[in-house]
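Biologist: Before we discuss this model, I would like each term to be set against its definition. Could you take me through it in that way?

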Amino acid sequence: MYSKPLPRPNADTKEFWKGCREHELRFQKCKNCDHVRWPPSVICPQCHSFEAKWIVSGGTGAIYSYVVYHIAFHPAFKKDLPYATAVVKLAEGPKILTNIVGCRPSELFCEMPVNLVWEDVSETVSLPKFTPFKD
Amino acid sequence: MAGTRLKDKYAIVGVGYTPQGRVPERSALSFHVEACANAIKDSGLGKDNIDGLICYRQFHPLANDVAVTPYLVAQHLGIQPAIMSQESYCARGQVLHAISLLDAGFCNYVLLVYGDNALSGRRSFAEGATNSEHPDDIAAFGEFSRVANFAMAARRAMHRFGTGPDTWKEIAVSQRKWANINPLAMSNKKMLTDRDYFNSEWVVEPFRRDDCCLVSDGGRACIITSTERARDLRHPTVTIMGIGEHNTSVDIHQSDIMAGPTGAALSGKKAFEMAGITRHAIDACEIYDCFTYTVEISLQDFGFFRPGEGKEWFKDGRAAPGGRLPVNTSGGLLSESYFMGLTPITEAVMQLMGRCEQRQLGPKTGNKTPELILCSDNGAVFQSSTAIILRRF
């Protein structure tokens with residue numbers, strides 16, 4: 001039984017989470033100025049255009065920053081300690097909060113190249129996570 | 001500069017303390033009410049003088065408490081303010097709002113207050129983890145708490161300009177030295193050496209326990225009025241010489257300013273311009289210190305040293321008692337007690353009034369008797385910053 005908190009898609013984020021379930025990391029791209037934004041919004045924070053299209057990220061990026069948890073704020077994460085969360089800056093521009101899997105927390109560093117892997121955690125939810133870059 | 005007209009026009013006239021630290025069997029409301037009553041008494045005003053009341057946005061109530069509202073605080077104080085508000089912008093926004101209300105003529109005496117029973121009530125400060133409904137999708141990745149958010153920023157700063165635990169321990173240790181001469185401080189009796197710092201356990205790496213502020217029971221309040229009115233009151237006059245605020249607003253996880261320049265760069269510039277002075281005139285600093293790194297990046301962004309030079313700057317006790325620039329002279333949020341932005345601001349007021357006893361800057365500590373103190377406040381995770389220059393007038 002998966003006991004960790006799950007995302008709760010809302011009117012703004014449901015397209016993103018739907019994309020995740022289909023293993024596509026989707027972001028809005030402004031049709032006016034090409035700015036790729038996160039989190040989802042009705043307007044572009046750069047130019048205030050309402051016109052946007054959803055694009056699919058290529059899934060490569062680099063660790064912008066990361067932390068290593070030595071205490072569990074939620075009981076379901078206790079067995080993972082110590083575990084890392086990271087902000088990954090994607091090639092398309094957005095920064096997202098995620099986990100780095102497939103290596104030890106002690107191996108992480110800022111600007112480490114990473115690529116996207118999917119973790120299917122329930123019938124309806126897939127989480128975008130990242131792993132050290134492999135060609 | 002918009003605020004120049006307001007330079008030294010408003011003053012802080014009374015400070016209210018309560019028992020602080022671990023104070024069980026008390027409601028958050030009771031700390032608000034006690035801090036307010038003590039601030040009124042301290043100022044020499046009567047309760048009916050208070051015509052403005054600004055409370056911090058209360059966290060969810062603990063231990064069967066009722067939710068604190070300005071109505072309740074006013075009811076318990078037996079006052080009927082003309083203007084009340086409750087906001088999450090803490091002392092940084094509240095001081096500006098108080099000045100605005102005073103200058104517009106809506107109020108003559110504005111009371112600011114914060115209180116909580118966070119320690120005895122076991123507030124976790126990781127709302128996502130304790131609420132049954134997780135408000136934020138990032139909980140799915142195990143991302144919780146302010147300590148993690150600030151640690152994320154600190155890690156980026158380690159990468160960007162080479163800061164780290166060697167810098168932060170200087171901050172933790174020097175603030176503890178202030179707490180050791182402040183009997184009110186929660187950590188008054190606890191020594192902290194470099195070795196203790198490095199032995200303290202990781203919370204969210206790169207932060208250890210000693211990088212993190214205290215969780216406290218208690219409350220703090222102060223009153224703002226015109227300098228003209230302050231002159232008739234009992235304490236030496238402490239004016240707001242300069243104040244500036246800036247709200248970068250972007251969530252830390254999307255932020256480009258984890259390693260600075262944070263909002264402090266602009267808020268500081270505005271405050272110094274309004275005051276018409278430079279940082280060289282500052283006698284002491286009371287910097288919002290939710291975490292050690294917050295102190296480093298704030299002072300760096302105020303221009304006291306260049307990126308990465310903090311490690312050298314803090315060395316040899318520069319910020320400690322007797323040092324060249326005292327910082328967080330009560331022990332601060334790290335070692336005195338946690339009352340949001342009111343911990344630094346009220347300490348600056350008490351220092352400038354000359355009421356700090358053993359820790360009073362001057363001959364007792366081997367420092368200059370202060371005339372100008374720079375305070376800062378910080379909101380959310382580097383999303384908001386205020387700089388306030390207070391002056392013994």
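Modeller: Let us begin with a strand partner: in β6(B), Val204(B) has Phe207(B) as its bridge partner. The model is a predicted one, in which local features need pLDDT of at least 70 and side-chain atom pairs count only at pLDDT 80 or more, whereas totals for chains, interfaces and linings use all residues. Residues are numbered from 1 along each chain as its sequence is written, chains are lettered from A and ligands numbered from 1 in the order in which they are written, and side-chain values use heavy atoms, with hydrogens and water left out.

Biologist: What makes β5(B) and β6(B) a pair of strands?

Modeller: Two strands pair if DSSP finds at least two bridges between them, and strands themselves are DSSP runs (E, at least two residues; helices are H or I, at least four), numbered from the N terminus. Two bridges join β5(B) to β6(B), residues 207-208, and the two run antiparallel, so they are called a pair. One residue links β5(B) to β6(B) in a hairpin.

Biologist: How do you know that β5(B) also pairs with a strand of chain A?

Modeller: By that rule again: β4 of chain A, residues 60-69, and β5(B) share two bridges in the antiparallel sense, and therefore they pair. Opposite Val204(B) stands Tyr69(A), while Glu205(B) has Val68(A) opposite.

Biologist: Why are Glu111(A) and Arg156(B) said to form a salt bridge?

Modeller: The term requires a side-chain nitrogen of Lys or Arg within 4 Å of a carboxyl oxygen of Asp or Glu. The closest N and O atoms of Glu111(A) and Arg156(B) are 2.8 Å apart, so the pair qualifies. Across the interface of chain B and chain A, the rule finds two salt bridges.

Biologist: What makes the link between Gln175(B) and Asp289(B) a polar contact?

Modeller: A polar contact is a pair of N or O atoms within 3.5 Å; within protein, one must be able to donate a hydrogen and the other to accept it, and residues adjacent in sequence count only if both atoms are side-chain atoms. The side chains of Gln175(B) and Asp289(B) are joined at 2.7 Å, so the distance meets the cut-off.
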